[in-house]
Number of protein chains: 2
Amino acid sequence: MKIDIDTVLREHGIQPSAQRVAVAQYVLNTTAHPTAEKVAAEVRKTFPMISRATVYNTLNLMVEHGLLREFVLDDGTTVFDANVGSHHHFVDDETGRIHDIPWDSLKVSKLEALEGFEVREYQVVLRGRLRGTSRRRS
Amino acid sequence: MKIDIDTVLREHGIQPSAQRVAVAQYVLNTTAHPTAEKVAAEVRKTFPMISRATVYNTLNLMVEHGLLREFVLDDGTTVFDANVGSHHHFVDDETGRIHDIPWDSLKVSKLEALEGFEVREYQVVLRGRLRGTSRRRS
DNA sequence: ACACGCGCAAGACTAAGTCTAACTTTAGAC
DNA sequence: GTCTAAAGTTAGACTTAGTCTTGCGCGTGT
Ligand SMILES: [Mn+2]
Ligand SMILES: [Mn+2]
Ligand SMILES: [Zn+2]
Ligand SMILES: [Zn+2]
């Protein structure tokens, strides 16, 4: 399950360090789309003395090197996504949680007909409720 | 071209005032998707003494009353959109400017097949270059 | 004249993120 | 094994966007 983070970092041109490994270990093994502060909080459970600046530095480094993607929610929150391939996002209205939607689950057509726009990339952002989440108490 | 802002506000349950009319006048008549600070700057050209808090209050009020929609860009910037109907957005890579894409220009299919997700609304966000914008000097 | 309610203004405050400058730690070189 | 330069880390200052607080001014009704 947990592959060699050290190697992953090196393969992407990032010099490993205890702090970087701790951050990568967490953020590459969650699908929760955590914020930077959430990452800091989680990492501190096992590496209490890591600084805020280092967490941000590491996350930004990983984004620059394509190990991570940044995603901004509708309310302005910035989260990090270990899933760097093309996919869509579904935001749960009730919890705010983000769920990945596989690229092939949706199809966007008529893109080529968009006169004047040269589309490099796109994404569908959906919002709604999880089915079966029929109003359970908080 | 410029309809009676006073009436528009009242029709949406907002008590008009000089400041509110000034803000609405600008923000309802642009397709530029301005930030709050941009709105403040523009409004001050004709109403120099308006406070930052009032600009924010008015924009938020208009959003609450459905006169305006808030939209958050990929870089986290929050902008306001007078186009409150369903539409998609195209972000110009070079200038960062946002262009509205009419709802019917695109079609997203297979939505109903998304098991477990009850979609309330969605939007396609596209990024790329404007065709014909072939590298003119800045 | 008085008082209430509403809206506005100014500035304090907050949260997310970046930057700075000093300090460790590391990787090589010897 | 030492030494040293480069790279990494740190605490805290700073910035930016936005919210909150508090007091003030003004119109309306009595
Ligand atoms: Mn970033
Ligand atoms: Mn807002
Ligand atoms: Zn994702
Ligand atoms: Zn728009």
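Buried means under 20% relative accessible area. The model shown in these views is predicted.

**View 1. Five residues of chain A coordinate the zinc ion (ligand 3).** Along the sequence, the donors follow the spacing H-x47-D-x5-H-x1-H-x10-D. Within this set, H33(A) and H89(A) link distant parts of the chain, 56 residues apart.

**View 2. H33(A) and H89(A) come from a loop and a strand.** H33(A) lies in the loop between helix 2 (18–27) and helix 3 (36–44) of chain A. H89(A) belongs to strand 3 (residues 87–92) of chain A. The relative accessible area of H89(A) is 1%, so H89(A) is buried. H33(A) has 5%, so this residue is buried too.

**View 3. Helix 4 of chain B spans residues 52–64.** At 1.5 Å a residue, its 13 residues should span 18 Å. The end C-alpha atoms are 18 Å apart, which agrees. Just after the helix, G66(B) adopts a positive phi of about 75°.

**View 4. Helix 4 of chain B has a buried side and a face turned away from it.** V55(B), T58(B), L59(B) and M62(B) are its buried residues. The face turned away from the buried side carries the exposed residues N57(B) and E64(B).

Note on methods
Residues are numbered from 1 along each chain as its sequence is written. Chains are lettered from A and ligands numbered from 1 in the order in which they are written. This is a predicted model: local features need pLDDT of at least 70, side-chain atom pairs count only at pLDDT 80 or more; totals for chains, interfaces and linings use all residues. Side-chain values use heavy atoms; hydrogens and water are left out. Donors are N, O and S atoms within 2.8 Å of the metal (3.2 Å for Na, K and Ca); water is not among the atoms, so sites may look incomplete. Helices (H or I, at least four residues) and strands (E, at least two) are DSSP runs, numbered from the N terminus. Buried means under 20% relative accessible area, exposed over 50%, partly exposed in between (1.4 Å probe, protein chains only). The expected span of a helix is 1.5 Å times one less than its number of residues. The arc is that of the directions from the helix axis to the C-beta atoms.
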